[in-house]
Amino acid sequence: MIKLTKRQEEILQIVKREGPISGKEIADKLSLKRATLRPDLAILTMAGNLEARTKVGYTYKEGASAEPFMTISEQFVREYKGHPVVVRSSSSVYDAIVQIFLKDVGAIYVVNDASHLVGVISRKDLLRASMGTQDLRDIPVNVIMTRMPNIITITLEDTLHTAAKRMIEHHIDSLPVVQEINKESHTYKVVGRITKTTIAKAYMELSKRYTV
Ligand code: ADP
């Protein structure tokens, strides 16, 4: 059980007496700014003493069940993965650029005829290819892509924390979510994608649960 500060005790008393009450109203009663109270309100909500509901405000929770503060370490790739955008390795650089615009993504995954992952192409790869003089319709993506076994992947069972760490360590913006078919031959099926935006959105979603 965490030891509450004097101010946190005061907040609890106010909410107990007058809840549901907004963060702004609590702040006014204590002659403080709403922003000053934000960390206290987050702590009390995480500890389970208060319940935060949008448009309703804070209510007091009897016999605090101490709902644990969920972090991205407890969230799984399976729940957050997005749709992967894939092209065949015989597709042209031109086609890949069209797909990047149509599907509004930052990277495309390249698959072979058996639909197994063989490459990744990012915006910078496409820009690099565009700097040459060759017609982009004549350059197959497999000439410019980052290829297996150098592709950094993630699985459905991994956490978002592992995904974030992997993207930062390898200086990349996205990870293909894969299911292993044969580890020795680096054969994987692509079932989704995780990007730095996925992590940022999950973070916002999780913090929203604890403040109003
Ligand atoms: P951008 O090129 O838009 O900055 P990235 O930072 O994701 O995007 O890509 C940087 C380089 O890393 C590119 O050459 C790309 O092919 C490669 N890359 C991107 N994602 C992966 C990945 N999951 N595994 C290995 N290489 C990757």
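The structure is a predicted model, in which local features need pLDDT of at least 70, side-chain atom pairs count only at pLDDT 80 or more, and totals for chains, interfaces and linings use all residues. Residues are numbered from 1 along each chain as its sequence is written, and side-chain values use heavy atoms, with hydrogens and water left out.

Confidence is given as pLDDT, the predictor's own score for each residue from 0 to 100. The chain has a mean pLDDT of 91, and 93% of its residues reach 70 or more. Helices (H or I, at least four residues) and strands (E, at least two) are DSSP runs, numbered from the N terminus. Confidence in the chain is lowest in α9, with a mean of 88, and highest in β5, at 98.

**The nonpolar core**

A nonpolar core is a set of buried Ala, Val, Leu, Ile, Met, Phe, Trp, Tyr and Cys residues joined through side-chain atoms within 4.5 Å; buried means under 20% relative accessible area, exposed means over 50%, and partly exposed lies in between (1.4 Å probe, protein chains only). The largest such core has 16 residues, and those touching the most other members are Val 93, Ile 108, Ile 121, Leu 126 and Ile 144. Two or more residues come from each of α5 (93-103), β4 (107-111), α6 (123-130) and α7 (141-144), with α5 giving the most, three residues. Contact means heavy atoms within 4.5 Å, and, neighbours within four places in sequence aside, the contacts of Val 93 include Leu 126, Leu 136 and Ile 144.

On a 1 Å grid over the protein atoms alone, a pocket is an open set of points where a 1.4 Å probe fits, with protein on both sides within 12 Å along at least five of seven lines, and lining residues have an atom within 4 Å of a point. Grid points are joined across faces, edges and corners, and a volume is the space filled by probe spheres set on the points.

| Pocket | Volume |
|---|---|
| Largest pocket | about 460 Å³ |
| Second largest pocket | about 300 Å³ |

The largest pocket is lined by 19 residues, and Val 120, Ser 122, His 171, Ile 172 and Asp 173 are the closest to its centre. The largest share of this lining, four residues, comes from α6. In the second largest pocket, 16 residues form the lining, with Arg 193, Thr 195, Lys 196, Thr 197 and Thr 198 nearest the centre. Here β8 (187-195) and α9 (196-208) each give two or more residues, and the largest share, five residues, is that of α9.

Glu 9 belongs to helix α1 (residues 6-18), and Glu 9 counts as partly exposed because its relative accessibility is 37%. Its C-alpha atom is separated by 9.5 Å from that of Leu 44, which is 35 residues apart from Glu 9 along the chain.

Is Thr 59, by contrast, buried or exposed? Thr 59, which lies in strand β2 (residues 57-60), is buried, because its relative accessible area is 16%. Beyond its neighbours within four places in sequence, Thr 59 is in contact with residues including Val 15, Pro 20 and Arg 53.

Arg 78, in helix α4 (residues 77-80), counts as partly exposed at 45% relative accessibility. Arg 78 and Leu 156 are 78 residues apart in sequence, and their C-alpha atoms are 4.5 Å apart in space. With neighbours within four places in sequence left aside, Arg 78 is in contact with Leu 156 and Glu 157.
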